[in-house]
Amino acid sequence: MPEGRRRWWHHLTTQRPWLVTLYALVLGFVVGALVIITTTASVLDAWRAIFSSWSALGHAIKLTFDVVGAAYRTMFTGAVVNPRVFWHAVTTGQGWTYALTPMSETLTYAAPLIIASVGVGIAFQTGIFNIGANGQAILGGVAGAYAGSLIHLPTFLHLPLTLLAGILGGVAVGLIPGLLKAYTGAHEVIVTLMLNYVVAALLIFTLLSTALQQPGQQNDISRTIDPSAQLAPLFGAASGLRVNWGLAVAALVVVFAWWFLERSSLGFDFRVTGANPQAARASGINARAVIILVFVISGGLAGLAGIVQMAGTTHYLDGGFLIGNAGIGFTAITVALLGRNRPGGIVWSSLLFAGLGVGGRAMQAATGIPLDLATVIQSAVVLFVATPVLVQEIFRLRHTEAGEVRLATSGWGS
Amino acid sequence: MRLELRGITKRFGPLTANDHIDLTVEPGQIHCLLGENGAGKSTLMNVVFGLLHPDEGEILVDGVPQRFANSGEAVRKGIGMVHQHFMLVPVFSVAENVVLGFEPTRSLGRLDRARAREEIRRTSQEFNLEVDPDAIVENLPVGLQQRVEILKALNHDAELLILDEPTAVLTPQEIDALMAIMRSLAASGKSILFISHKLKEVRAVSDVVTVIRQGRVIDQVPPTTDEATLASLMVGRDVTLTVAKDAAAPGEPVLRLEDVVVRDDRGLVAVDHVSLSVHAGEILALAGVQGNGQTELVEAVAGMRDVESGRITLGGRDITNATPRHVLDGGLGHIPEDRQRYGLVMSMTLADNLVLNTPRRAPFAARGTRNLGAVRANAEDLVGRFDIRTTSVESPLSALSGGNQQKVIVARELSRPLEVLVAAQPTRGLDVGSIEYVHRQIVEQRNEGLAVLIVSSELDEVMALGDRIAVMHAGQITGVVDPSTSREQIGLLMAGAVGAADA
């Protein structure tokens, strides 16, 4: 092999954390392709035909690639950009809204996900498993809905107040496991997990309450928050693009998280605690304070994610808010792990997950393959990332001098 | 058994842990493998025991080449290993532990305890290894637990015994007993491969000494070789074995413990009404076999364990049950016993570890933001001053060798203003070169007027460093003696003979 190509080859076969993530992504899409193949009747029929005639083999292979290709192509054009439509917009100056909608949608979904995942990631780096981000986000949304619909103020006061209410809602839910762990040693995984159910029930309760329910409604739907409390579309309402100022909030959160973890004294305490709690204690770090503060920050960010979701897109709450597939607080856990709990990595993994979700919907509309395929790919990617050894074996990666790629996180025992 | 190693080579990536090692252990011979930590001793033993596979070279047992796929095959060929950390089930009886994996059974797979007991009685009589087969292992002292390990190997018909640093956890008396056992085993024809870096023991018990350094056999010498020569072979340069120090000039007491009672994790009294004082400009060495309350005592002083009653003062200020932060800021330097667990964060950089106790102190941070430039400059300075070997101050600490990791803690603690230094097992696991270095640093600090409390289970260290020696047994101070006291008397105090050496 020529020298240049050999270097590239070496680069691609030597184990590095980002490389493992990249290959995990590839494997995730391979798994997705297998699911498409084994669940599409026409593809299965084509393969069955080769039992009667070998000449059908060519057709079977072609059809397989066509079907999988169409699925992934529509997924891409639905989540990022459709080159044909984009080119049309460039040449004619028409249809920009149509060309940019996929990207706008992906960014709209990514913004709250980034915020929640950064919160979960900070907790992970401190050795705390905040499984309750979803409940914290829901109460953030509820608190924001109160502030946004029951108080009336000019935008420059109302929007910050609404966002602050969202943060405080998340903090309130986060403080429960935080205080319990700090003072009684209760395991945060159990407490946060259970609190999710409590908060989900509380959501329905408030939505049916006279205070928050949309007047004249019998269903679980809240009042719509004032326009002065909403996160306006980034490019103006006339643009037709949903991407809103929540993206700017997410960007601020990422910058803050980077500074916090890499530069701040408190962040240093957090990281020492996460990496070695015994050494943290011996070096004078107040473990109790760290636990409580982690939950304040992590819960606050989850609450902010909840209110950004609501104030940026729907502007009201309903019984399905962050429930089921929309549960960004749960997705945030996998997104944080995929991003190795670092703000920069989380931005990429959030975009990936948001893109898979948005693209999955486009794929479903165009090809009839269920949206759940996106979930299959997401889960497979996370599984492969969580088992670097498996990826190493499949791709025969060489070990670097630095040694093994570490697991993104290590058990939730302590 | 005659074990012969020919050209054994084992590489880990770019590192060659064993480089063409040739070694022959004759039947009935006690062959010592002497080398520093990281010289490749453990790797070699794991190769012999079938836990690692050599990249090159061959192993011959009684002239026949062998390839051990795993340790089970090595055991079947008559090789037994006593690990440094015992591989025993603490809640099982001696008999159960010895037969574990090769249990004699009756019909339907029921354990034949009577036969197990009988087998052990026979083996222990044959080799003069007295242990009660029905005793529960966790109730036995460490020396006896080790004896159970040896019995286990012998019960599997071991003809060659590998003893990996067997004396690290023993009292002087237990070490003597172990040596007697080794001699009698050798006399009955067993071969012994004895791994150590302690020169005294090596000279006392071996027939032949093979010195390895950086994975290579440096020399094979008779045990009559003097200590200084052995040490320089091992380290590769001349080393001073005794610490050069002048008589202490003790000043005011700085650290005082008055009638202190501390409980261990299980709630038992670990420190039982201990009173001690450490004066400025002196080294008080606290001797004792591990597990006699020294750990708990140090933790109580460092603010990491509750004091049940009594009083601890530092420079006249009460620090009883103060937080670690308070104690550290009050001028206490702490070199913890388990450095990787309590003293360092292995995944963080060398520079971060050097400010672990003082991350908020100027100039390392201001108004909540860290000054990474200052952290780095501090690291560059300390790496130079304390001769820490690293490729970069931004390397993760896990990339440093054990000796250099210990230097990181020593550098960190000694580079800030202190009133008292508490060092627990400061040289455990270090090679001769690093021990010499750490000792010199400690003596220097004492000469400059620092009060130093050393906790060590190494009698050599206690006697070399201590200006006074306090001996601890079962949570109590059994005596405070002068370093000129004989080893035997200190040994008796360590075993709990109160007042054996009132000096």
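# Exercises on a predicted two-chain model

In chain B, strand E1 (residues 3-12) and strand E4 (residues 56-61) pair in the antiparallel sense, with five bridges between them. Keep in mind as you work that this model is predicted.

**Exercise 1. Work out the strand order of the open sheet in chain B, and find which strands sit at its edges.**

Step 1. Start with the pair you just met. Within it, Glu4(B) stands opposite Leu60(B) of E4(B).

Step 2. Now look at the other partner of E1(B). E1(B) and E2(B) are also antiparallel, this time over seven bridges. One spot to check is Arg11(B), which stands opposite Thr16(B) in E2(B).

Step 3. See how the chain gets from one strand to the other. E1(B) and E2(B) make a hairpin with two residues between them. In that turn, Gly13(B) has a positive phi of about 55°.

Step 4. The four strands run in the order E2-E1-E4-E5, with antiparallel pairing. Strand E2 (15-25) and strand E5 (64-66) of chain B pair on one side only, so to find the edges you look for just that. From one strand to the next, the twist averages 30°.

Step 5. Helix H1 (residues 41-48) of chain B lies across E1, E2 and E4 of chain B, and runs at about 60° to E2(B).

**Exercise 2. Check the length of helix H13 (residues 287-314) of chain A, and decide how enclosed the helix is.**

Step 1. H13(A) has 28 residues, and at 1.5 Å a residue they should span 40 Å.

Step 2. Compare with the model. The end C-alpha atoms of H13(A) are 40 Å apart, which agrees.

Step 3. Count the buried residues. In H13(A), 20 of the 28 are buried, so the helix is largely enclosed by the rest of the structure.

Step 4. Look just past the end. His315(A) follows H13(A), and its phi is positive, near 70°.

**Exercise 3. Is Leu193(A) buried, exposed or partly exposed?**

Step 1. Leu193(A) belongs to helix H9 (residues 188-207) of chain A.

Step 2. Count neighbours. A buried residue needs 20 or more other C-beta atoms within 10 Å, and an exposed one has 12 or fewer. Leu193(A) has 16 C-beta neighbours inside 10 Å, so Leu193(A) counts as partly exposed.

Step 3. Find its contacts. Leaving out residues up to four places away in sequence, Leu193(A) touches Ile131(A) and Gly132(A). The C-alpha atoms of Leu193(A) and Gly135(A) are separated by 8.6 Å, although these residues are 58 apart along the chain.

**Exercise 4. Describe the side of chain A that touches chain B.**

Step 1. Count both sides. In chain A, 17 residues are in contact with 24 residues of chain B.

Step 2. Find the helices. Helix H11 (265-275) and helix H12 (277-282) of chain A each supply at least two residues to this side of chain A. H11(A) gives the most, with five residues.

Step 3. Sort by class. This side of chain A has six nonpolar, eight polar and three charged residues.

**Exercise 5. Describe how domain 1 of chain B meets domain 2 of chain B.**

Step 1. The domain assignment gives domain 1 (3-235) and domain 2 (240-331 + 417-503), among others, in chain B.

Step 2. Look at spacing and contacts. The C-alpha centres of these two domains of chain B lie 33 Å apart. Across the boundary, 12 residues of domain 1 are in contact with 13 residues of domain 2.

Step 3. Find the main contributor. On the domain 1 side, the largest share, five residues, comes from H8(B).

Methods: Residues numbered from 1 in each chain as written. Chains lettered and ligands numbered in written order. Predicted model: local features only at pLDDT ≥ 70, side-chain atom pairs only at ≥ 80, totals over all residues. Contact = placed C-beta atoms within 7 Å. Nonpolar A, V, L, I, M, F, W, Y, C, P; charged D, E, K, R; others polar. Axes fitted to C-alpha atoms, helices over the stretch in contact; angles between N-to-C directions. Domains from an automatic or database assignment. Expected span 1.5 Å × (residues − 1).
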